[in-house]
Every structure is written in C-alpha cells, then in structure tokens.
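Biologist: Please show me the structure, and then we can go through its contacts one by one.

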Amino acid sequence: MSLLPIAIYGDEILRKKAKEISNIDDNLVKLVKDMFDTMRNADGIGLAANQVNIDRQIFIADVSMLEGYEKFKPLIAINPKIISFSDEVVTIEEGCLSLPTLRADVVRPAELKLKYLDLNEEEKEIEFEGFIARVIEHEFDHLMGKLIPDRVDEKTKKKLSNVLDNILKRQFETDYPINIK
Ligand code: NI
C-alpha cells in the first residue's frame, strides 16, 4: 500500500487547473491504486489527483460505505467534463481532505451529467444525482483549481476566515500524511 501526501489549502497545486491526460498507461493505473489507498486511509469519499500533487485531470470517488449507496461501484473519472447541471440546487455540508477541520454548507446543482474516460479508455456519459452528484461536483472543482471557500457566499466565507487562517498556519492534526510545508 502506498500512501501519498495530501496537498493542503495554501499549496499552489490546488489552485492550478489540472492538465489533460493523453495516455492511459501503467503509471496511471498505479496512480489510481495509490489514490484509492490514500483516500481510504484518510476516510475520504473522493480524491482528485492534484490533491496528491499530480497535475492531471483524474478523480476518484467511492460512496459505497454510505447508506443507500452500498451497490455503488468506485468511480474513476479521467478527463471529466460536466455536460449539464440540473436547475434544482441543494445545500449539503461539505468537508475536504485538503481543508482539515473545515465544514461548510455549500449550494450546488442537485444533478449533473458527466462525460469521462474510465481506465479501459472507454468513454462514459452518465447522469448522477443525490450524494454522489455532490461528491463529483466537489472533485471536479478540485481539477479546476476551485475549493469549498470559492463556493460559499461572502458571509459564510467571513465566518470561515479563522478556520482558513489556522489551516494556512498548519494548526491542525490529521491522521493521514500531508505535504510538508
Ligand atoms: Ni476536497
């Protein structure tokens, strides 16, 4: 099992738009395996490659431990594109492995249609709803260089400012490896 250190709010890689993947090779297969190890070790349900310092457009998600999602197969999305969003929005509390200690209500579309490549280089176009839609929207944001604080209103952002300052100062503890500052 290989655990990769997780980038933390303040690390530049989290703010860059990730680069497209041009070929699906053994290195990518290895990366996916390491990402799953890293995510599960941290009790995460989603992880984007730039969160583990890899500047590539791929994210994973696994919500099968959540009630009602037991049959959900782990998702590996390469070069993902959001084709459409529903007009309906929902408010759900989010956390992020790159923002330890932070929790915030975030409003996002309830459903979306995602186009992506899987590890077999097969193109998929799938509609998602419910909690998995939320995880995908959050992970897709990572690949675009966006984080939870970019998705809340000014008032909420002000309320979060102390928490964000403490994260920048690395005043928190995690039980998973993170980037050395
Ligand atoms: Ni996140």
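**Salt bridges and the nickel site**

Modeller: In this predicted model, the side chains of D150 and R15 meet in a salt bridge, 2.7 Å from N to O. The pair links distant parts of the chain, with D150 in the loop between α2 and α3 and R15 in the segment before α1.

Biologist: Is D55, the partner of K19 in a salt bridge, buried or exposed?

Modeller: The closest N and O atoms of D55 and K19 are 2.8 Å apart. K19 has 46% relative accessibility and counts as partly exposed. Buried means under 20% relative accessible area. D55 has 12% relative accessibility, so D55 counts as buried.

Biologist: Which residues are the protein donors of the nickel ion?

Modeller: The donor atoms lie 2.0 to 2.2 Å from the nickel ion. In sequence, the donor residues follow the spacing C-x41-H-x3-H. They are C96 (SG), H138 (NE2) and H142 (NE2).

Biologist: Which helix holds both H138 and H142?

Modeller: H138 is buried, with a relative accessible area of 8%, and H142 is buried as well, at 1%. The two histidines are four residues apart, about one turn of the helix. That helix, residues 131–143, is α2.

Biologist: How many salt bridges does the structure hold?

Modeller: One of them joins E122 and K124, with the closest N and O atoms 3.8 Å apart. Others share partners and join E94, R108, R134, D141 and R151 into one network. The structure's total is 15.

Key:
Residues are numbered from 1 along each chain as its sequence is written. This is a predicted model: local features need pLDDT of at least 70, side-chain atom pairs count only at pLDDT 80 or more; totals for chains, interfaces and linings use all residues. Side-chain values use heavy atoms; hydrogens and water are left out. Donors are N, O and S atoms within 2.8 Å of the metal (3.2 Å for Na, K and Ca); water is not among the atoms, so sites may look incomplete. Buried means under 20% relative accessible area, exposed over 50%, partly exposed in between (1.4 Å probe, protein chains only). A salt bridge is a side-chain nitrogen of Lys or Arg within 4 Å of a carboxyl oxygen of Asp or Glu.
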